[in-house]
Amino acid sequence: MADAHAMVDTDDPRVVAAAWSRLAEPADPAAGHLVRALGADAALAWVLDAAAGPDVAERAIRRLHGARPGLPDELAPARLLRAVSRWAPRTRGLDPRRELRSLDLLGGTLLLPGDPRWPRALDDLGVLAPHCLWVRGEPDLGGASAGSVALVGARACTEYGRHVAAELAHGLASRGVTVVSGGAYGIDAAAHRAALAGRGTTVAYLAGGIDRLYPAGNADLLRGVLDAGGAVVGEVPPGSVPSRVRFLLRNRLIAATARATVVVEAAWRSGALSTAARAAELLRPVGAVPGPVTSMASSGCHRLLRDGAAVCVTDVDEVAELALPVGDGLPDGGSGDRARGGTASGAGTPDGLDGVGRRLFDALPLRRAADVASIARTAGLALDETRGALGLLELAGFAVQEAGSWRRASSGNR
């Protein structure tokens, strides 16, 4: 892997962090544990050596465990070997300096843990925290996070949900509270738009690269976020495409960085509920807005309230109280979801798939078939893992093989 070593300067922390954000999928526990155990630079150098082949990886793992007894279970030899097989395809052609040049062309900033502008609340994610953040706009995410509220909910929202999201976002922004959301259609867009109307700051966390203002229909809105002094943030490098798995993993960043999370409107299986769940796990306050009992669009909010997982909030004063209890004080002295089954392509991810199956389904091209190695690299999976899972997807009618290459099956073939 001399070519990979040549392209990666492991003495430059920015290059190392950028490389890790390309090699490992978000929230990869093996990557997080390895970086914690060895340090980001030494861990990257180790991976670049181990990725030369299975035999080399096995020897490298034996040496590592011999030199460092007591490594966590996530780095047990069999698990670490699987992790190396996931990362190895991405070491070929790895060039973090090229991606940093792309960031420079965007006028962006690469934030690393320890930077004063880093949102320290992300440290609560432990080994699942991002290796770095790619930022367009205002890079002081630490300051923005200190007084912020996440407003999340359904992409396919009702007029009621859109109205409530706008009322809450406008009220929070006018009090100097940063509004955090995911940049999607529906509740996210209403929250960002109203925060801008209230002359406030808003931050959008994306599931893909920050060079792709996704969804395209919200590109002007996201540019407005940047023009108003806000930020657009991602944890994967420029050029990375969003996927359903990345959307769900992105939600942990929204939950961690905000002082509180409010679900404005969400159906029973809304992805916004995952943001609420992560916020609760991180001991962040969670609020939910009630809706009509006859509205399926609010059934997820009612579920949170019924289960005691969220506090009922109905106006900006109650949200402010939830985020910053009495005595804490708001700034200036004040008192993403996706539609069910949504993906980057707009096609639904089938029910009943395990984690590998969902990731692989998201990686399958819709039209022109791709080879197994390319699909494995996109999905962040090992080759043998990919081959086996593709066969299962084919049997289930979700994948089609064409002359040794693969694409997603059309809905009519399922």
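## A buried tryptophan

Trp87 counts as buried, at 1% relative accessibility. Buried means under 20% relative accessible area, exposed over 50%, and partly exposed in between (1.4 Å probe, protein chains only).

The model is predicted: local features need pLDDT of at least 70, side-chain atom pairs count only at pLDDT 80 or more, and totals for chains, interfaces and linings use all residues. Residues are numbered from 1 along each chain as its sequence is written, and side-chain values use heavy atoms, with hydrogens and water left out.

## Aromatic pairs

Rings of Phe, Tyr and Trp (its six-membered ring) pair if their centres lie within 6.5 Å; planes under 30 degrees apart are stacked, over 60 edge-to-face, and the rest tilted. This rule gives three aromatic pairs.

One of them joins Trp20 and Trp87 edge-to-face, at 5.6 Å centre to centre with 90 degrees between the planes. Trp20 sits in helix H2 (residues 13-23) and Trp87 in helix H6 (residues 77-91), so the pair ties together parts 67 residues apart in sequence. Helices (H or I, at least four residues) and strands (E, at least two) are DSSP runs, numbered from the N terminus. Trp20 is buried too, with a relative accessible area of 0%.

## Charges over rings

A charge sits over a ring if NZ of Lys or CZ of Arg is within 6 Å of the ring centre and within 35 degrees of the ring normal. Arg303 lies over the face of Trp268, 4.8 Å from the ring centre. Arg408 lies over the face of Phe361, at 4.2 Å from the ring centre.
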